[in-house]
Amino acid sequence: MQLPYSDTIEIQYLSRIFDNTSECYKFFWFQAIVAKVLEGKSRMTYEELIDEMIAKAWYMVVEYHLNLGPRDTLESLVRYLQQISQMKASEKKETIIQYLADCKDKEVAKRKRILTKNVPYRIQAPFMDKVRGKEWDVPESALIAKINQERRLMYYFEALNGMKTTIRVSPEWFTYIHINREIVKGWLQYHMIKYLQKRNPSVPGIADKLYPPQERKLEKVKKYWKLLLTLKPVHEIYGDIELTDKDISIDHFVPWSYVAHDEFWNLHPTTRSINSSKSNNLPDWNRYFPQLAKLEYGSYEMMWEYDAVHDAFEVCAKEHLNDDAVRRKIYRKGRDLASFSNALEEIVQPIYQSAKNCGFKDWIYTGTEG
């Protein structure tokens with residue numbers, strides 16, 4: 001992916017800033033700068049930028065369980081922050097930023113400072129051909145003085161002052177980012193996806209996991225299950241609770257935050273309170289998969305028995321059943337419960353196990369949520 005040409009800056013140097021990336025810091029540091037520039041700021045402190053980095057990484061680490069690097073300081077800081085704050089995995093960015101602003105925890109402060117040791121300086125290395133090898137290994141104040149003598153940089157430093165150290169984005173770069181904002185963000189996203197896919201080779205939907213989780217559009221599936229409720233009683237799988245038209249919620253058996261899709265075979269009805277309690281955890285396989293298969297088979301039988309249900313299924317399939325091979329494997333006519341259950345297990349179990357390997361926690365309904 002190419003960045004737009006500019007007469008005022010040497011864009012080829014920006015194209016090289018992610019050439020040698022063994023950790024994620026460069027992506028998040030540059031992303032934080034772009035975010036602040038697009039807010040209209042040309043001066044920003046280390047504290048502002050590090051807090052922005054943490055808030056951006058929060059969802060990738062806590063909600064989606066992505067691996068940011070083998071010994072990634074940003075990832076470990078986010079995990080520590082979740083431990084001491086007890087903030088939700090889907091917490092709003094503004095809440096995370098405010099928590100960081102108010103946080104007095106010494107370990108958080110220490111880890112934030114570690115994040116400023118190299119990236120603010122080395123990310124601009126492609127712009128500085130004359131600074132090589134051991135010339136980087138000098139005290140921060142001396143390195144800042146050396147960098148500030150360079151020309152054509154994205155930003156320069158004001159006096160070293162811990163986390164209050166300020167960078168000042170060059171007017172030419174400020175303008176370039178504003179004019180080309182969508183292309184610059186797309187270019188950054190492209191490189192982040194490549195990096196994260198390498199670190200998380202078995203994880204699906206990386207492109208959907210760069211941002212906070214969005215509300216799922218599952219109205220067609222909910223309408224389908226509400227239709228079934230009018231024909232015979234339907235009990236959800238976790239507490240064997242009979243569902244009603246007024247209290248039905250669609251759950252992803254393997255959490256959306258892992259699968260990043262809304263495929264029909266992974267969706268089933270439960271109550272709103274149980275769905276909320278389950279959150280993005282994995283239901284115990286031995287306890288709940290047989291119940292899921294039985295529930296889905298009942299739906300399958302009704303789909304072939306009632307024309308109205310079959311029509312509703314086809315409406316769902318257009319949006320929520322995107323693999324014809326999977327559709328034929330599970331939903332073809334003439335299956336009994338055993339063959340249906342085996343076909344469903346062959347699709348769901350490998351994904352379930354992969355999510356478990358990525359750190360998604362087991363969950364069992366306690367009887368207090370419904």
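**Exercise 1.** Characterise the salt bridge between E52 and K93.

*Solution.* Step 1: E52 pairs with K93, and their closest N and O atoms are 2.6 Å apart; a salt bridge requires a side-chain nitrogen of Lys or Arg within 4 Å of a carboxyl oxygen of Asp or Glu. Step 2: E52 belongs to helix α3 and K93 to helix α5 (residues 93–102), 41 residues apart; helices are DSSP runs of H or I, at least four residues, numbered from the N terminus. Step 3: E52 is buried, at 2% relative accessible area, whereas K93 is partly exposed at 25%. Buried means under 20% relative accessible area, exposed over 50%, and partly exposed in between, using a 1.4 Å probe and protein chains only. Step 4: A salt-bridge network links K36, E39, E52 and K93.

The model is predicted: local features need pLDDT of at least 70 and side-chain atom pairs pLDDT 80 or more, while totals for chains, interfaces and linings use all residues. Residues are numbered from 1 along each chain as its sequence is written, and side-chain values use heavy atoms, without hydrogens and water.

**Exercise 2.** Locate the salt bridge between E319 and K220.

*Solution.* Step 1: The closest N and O atoms of E319 and K220 are 2.9 Å apart. Step 2: E319 lies in helix α15 (residues 307–320) and K220 in helix α11 (residues 219–229), so the pair ties together parts 99 residues apart in sequence. Step 3: E319 is partly exposed at 33% relative accessibility, and K220 is partly exposed at 40%.

Definitions and conventions:
Helix = DSSP H or I, 4+ residues; strand = E, 2+ residues; numbered from the N terminus.
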